[in-house]
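The tour goes from one selection to the next.

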Amino acid sequence: MKVNFTRRIAVAALMAASVSTGMPALADGHSKVQLRMATSGTETDQRSVAMANVFAPLVGTFASFEPSYNSTIFAQGTELDAISRGNLEMSITSAQELAQFFPEFSIFTAGYVHQDADHQVAVFNDPLMDPFKAKVEDELGVKLLSVMYLGRRQVNLRQTKDELTVNKPSDLAGVNLRMPGTDAWQFLGKALGAAPTPMAFSEVYTALSTGAVDGQDNPLPTVVDKKFYEVTNQIVLTSHLVDLNYIAISAKTFNSMTAEQQAAVQAAADAAAASGRKIQLELEGSLVAFLEEQGMEVYEPDTAAFRNQVQSMYLDSEFAATWPAGVLEKVNALGK
Ligand code: KDO
């Protein structure tokens, strides 16, 4: 009797909890695991699409995936803190954001280090990443599940090519280039030769249209997704950063799941990352033609000049001083 009564109370309490939090309840009365995910990306960004169309269905029997886009619930760069405080379960985070907490992550923010999408995956899955992942988990309570491909970042300017042709870093002198707002990003802007301005992603379109900034840097799929081509005139194919993001989850939430659920979450994250990567690569390959049709001038600069300046500035920087000995060599050895 007592056991049944106690059990009923427990089930009722769980049902009540699920009603009050709006979480759907499973048939046995247990609530689904709530996975609120925040990203500064749009709903049509391929990483968001992969999370909604691939990740969510694969965890749908036991988890309620609740995405929010365009920094609507947390400002860009505050998501990791929100996970750490228990106010959010998931985000699509960056090495630049992680470098705010753990400076050694700046190795993955450095220009011309990652060579391509496959190289990113090889690095993320290599044992060299284990101490990085462990530190994030132990000290921030965040688990990095998988690596997503954002793409090759290119310099995208308001000026026409007649007004400003960019072949080498010195051509960007004085160019007010919007970069995201962390030290790692600002340094990359300086290394490119520009005068970087920190600004949240959600403000970039307006800043470009009013001339508050001369340009911004992002991969071609982002330039198209955010319609930056409407308010800019040229793209310089510097490919200065093969940019990545990590699918991040609260370690507390992850550890509260059964081993089976954890394996499903991991597999779902890997499947979403793979799907997003494939589509993003296809888009990157096809978008130059689309951008030219929109009247954009798209051209390659002297990439070696950019690579040489960016690499030497990083190696001389305070960032490189935080990179654990031997890691850059291991990262390079995993490339071509
Ligand atoms: C950006 O702010 O330019 C950036 O591309 C930086 C990335 O790390 C990533 O956060 C991305 O924005 C957003 O997800 C929006 O696509």
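A residue counts as buried when its relative accessible area is under 20%. The model on screen is predicted.

**Stop 1: Ser-71.** Select Ser-71, in the loop between β2 (63–68) and α3. Its relative accessible area is 18%, so Ser-71 is buried. Now look at the backbone: Ser-71 has a positive phi of about 55°, although it is not a glycine. Most residues other than glycine have a negative phi.

**Stop 2: Lys-227.** Move to the loop between α9 (220–225) and β8 (234–250), where Lys-227 is found. Lys-227 also is not a glycine and has a positive phi of about 55°. Is Lys-227 buried or partly exposed? With a relative accessible area of 40%, Lys-227 is partly exposed.

**Stop 3: Phe-124.** Select helix α5, residues 117–125, and pick out Phe-124 in it. Phe-124 has a relative accessibility of 4% and therefore counts as buried. Which residues touch it, apart from neighbours within four places in sequence? Phe-124 is in contact with Met-129, Lys-133, Leu-144, Leu-145, Ser-146, Val-147 and Tyr-246. Take Leu-144 from that list: Leu-144 is 20 residues from Phe-124 along the chain, and their C-alpha atoms are separated by 9.6 Å.

**Stop 4: helix α6.** Select residues 130–140, which form α6, and colour its buried residues: Phe-132, Lys-133, Val-136 and Leu-140. These cover an arc of only 100° around the axis, so they sit on the same side of α6. An α-helix has 3.6 residues a turn, so residues three or four places apart point the same way. Turn to the other side of α6 to find Pro-131, Asp-138 and Glu-139, which are exposed. Show what covers the buried residues of α6: the elements include α3 (79–84), α4 (95–101), α5, β4 (142–157) and α13 (327–333). Just after α6 comes Gly-141, with a positive phi of about 70°.

**Stop 5: helices α7 and α12.** Finally, select α7 (residues 183–191) together with α12 (residues 303–315). Their axes are 9 Å apart and the helices pack at an angle of about 135°. This angle makes α7 oblique to α12. The crossing of α7 past α12 is right-handed. To see the contact, show Ala-184, Phe-187, Leu-188, Lys-190 and Ala-191 of α7, then Gln-309, Val-310, Met-313 and Tyr-314 of α12. By class, the contact of α7 with α12 has seven nonpolar residues, one polar and one charged.

Technical notes:
Residues are numbered from 1 along each chain as its sequence is written. This is a predicted model: local features need pLDDT of at least 70, side-chain atom pairs count only at pLDDT 80 or more; totals for chains, interfaces and linings use all residues. Side-chain values use heavy atoms; hydrogens and water are left out. Helices (H or I, at least four residues) and strands (E, at least two) are DSSP runs, numbered from the N terminus. Buried means under 20% relative accessible area, exposed over 50%, partly exposed in between (1.4 Å probe, protein chains only). Contact means heavy atoms within 4.5 Å. Axes are lines fitted to C-alpha atoms, for helices over the stretch in contact, and angles run from 0 to 180 degrees between N-to-C directions. Angles under 35 degrees count as roughly parallel, over 145 as roughly antiparallel, 65 to 115 as roughly perpendicular and the rest as oblique. A crossing is left-handed if the near helix is turned anticlockwise from the far one by less than a right angle, and right-handed if clockwise. Ala, Val, Leu, Ile, Met, Phe, Trp, Tyr, Cys and Pro count as nonpolar, Asp, Glu, Lys and Arg as charged, and the others, Gly among them, as polar. The arc is that of the directions from the helix axis to the C-beta atoms.
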